[in-house]
Amino acid sequence: MFGIPGKQAVTMTPRAAAQIARLMQKGGHAGLRIGVKKGGCAGMEYTMDYVDEAAPHDEVVDQDGARILIAPMAQMFLFGTEIDYEVSLLESGFKFNNPNVAEACGCGESIKFKDAPATESAADGIPRF
């Protein structure tokens, strides 16, 4: 929907692709849908849900046996994002390296996106975002 021909909307590191493929196989799911919703101290949070089939307007990214589906309303916020999977002594999980993020909260659970520059329509002078 918001893609550039020949360029994937999001990419996955080999660790993330392997983890997503394992989760898909373990649960018998067709993929993992990612999105964003309002919430958290910075204003927005990432969402991840198992899916058994793609919705009509999902952006589908297949990489190394892993499938990511991007919810339509999240596509403009996630374009250019690299998804990684990190494992440490205390926790493990997916990390979103998103160039569209202006700031994140201290706990890393929520984000704030960069403001889109307003443009005015030549016909009516109304700001468009």
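## Sheet and helix

Two strands are taken to pair if DSSP finds at least two bridges between them. In this predicted model, strand S1 and strand S6 (residues 81-87) meet that condition, pairing in the parallel sense over 3 bridges. Within this pairing, the bridge partner of threonine 11 is glutamate 82 in S6.

The open sheet to which they belong is formed by 3 strands in the order S1-S6-S7, with mixed pairing. Its edges are strand S1 (10-12) and strand S7 (92-97), each of which pairs on one side only, and the twist from one strand to the next averages 25°. Helix H1 (residues 14-27) packs on this sheet, where the helix touches S1, S6 and S7; the direction of H1 makes about 75° with that of S6.

The structure holds 2 aromatic pairs, one of which is formed by tyrosine 46 and phenylalanine 96, whose rings are stacked at 4.1 Å centre to centre with 10° between the planes. Because tyrosine 46 lies in strand S3 (residues 44-51) and phenylalanine 96 in strand S7, the pair ties together parts that are 50 residues apart in sequence.

The two partners fall into separate accessibility classes, for which the cut-off for buried is under 20% relative accessible area. Phenylalanine 96 has a relative accessible area of 15% and is therefore buried, whereas tyrosine 46, with 21%, is partly exposed.

## Salt bridges

Side chains of opposite charge can pair when their charged atoms come close. A search of the whole structure finds 5 salt bridges, among them the one between arginine 15 and aspartate 84, in which the closest N and O atoms are 2.8 Å apart. This pair links distant parts of the chain, with arginine 15 in helix H1 and aspartate 84 in strand S6, 69 residues apart. Aspartate 84 counts as buried, at 7% relative accessibility.

Another of the salt bridges joins the side chains of arginine 33 and aspartate 58, at 2.6 Å from N to O. Here too distant parts of the chain are linked, since arginine 33 belongs to strand S2 (residues 31-38) and aspartate 58 to the loop between S3 and strand S4 (59-63), 25 residues apart. Arginine 33 is partly exposed at 22% relative accessibility, while aspartate 58 is buried, with a relative accessible area of 11%.

Lysine 37 and glutamate 45 also form a salt bridge, with their closest N and O atoms 4.0 Å apart. Lysine 37 is partly exposed, with a relative accessible area of 42%, and glutamate 45 is partly exposed as well, with 23%.

Key:
Residues are numbered from 1 along each chain as its sequence is written. This is a predicted model: local features need pLDDT of at least 70, side-chain atom pairs count only at pLDDT 80 or more; totals for chains, interfaces and linings use all residues. Side-chain values use heavy atoms; hydrogens and water are left out. Helices (H or I, at least four residues) and strands (E, at least two) are DSSP runs, numbered from the N terminus. Axes are lines fitted to C-alpha atoms, for helices over the stretch in contact, and angles run from 0 to 180 degrees between N-to-C directions. Contact means heavy atoms within 4.5 Å. Rings of Phe, Tyr and Trp (its six-membered ring) pair if their centres lie within 6.5 Å; planes under 30 degrees apart count as stacked, over 60 as edge-to-face and the rest as tilted. Buried means under 20% relative accessible area, exposed over 50%, partly exposed in between (1.4 Å probe, protein chains only).
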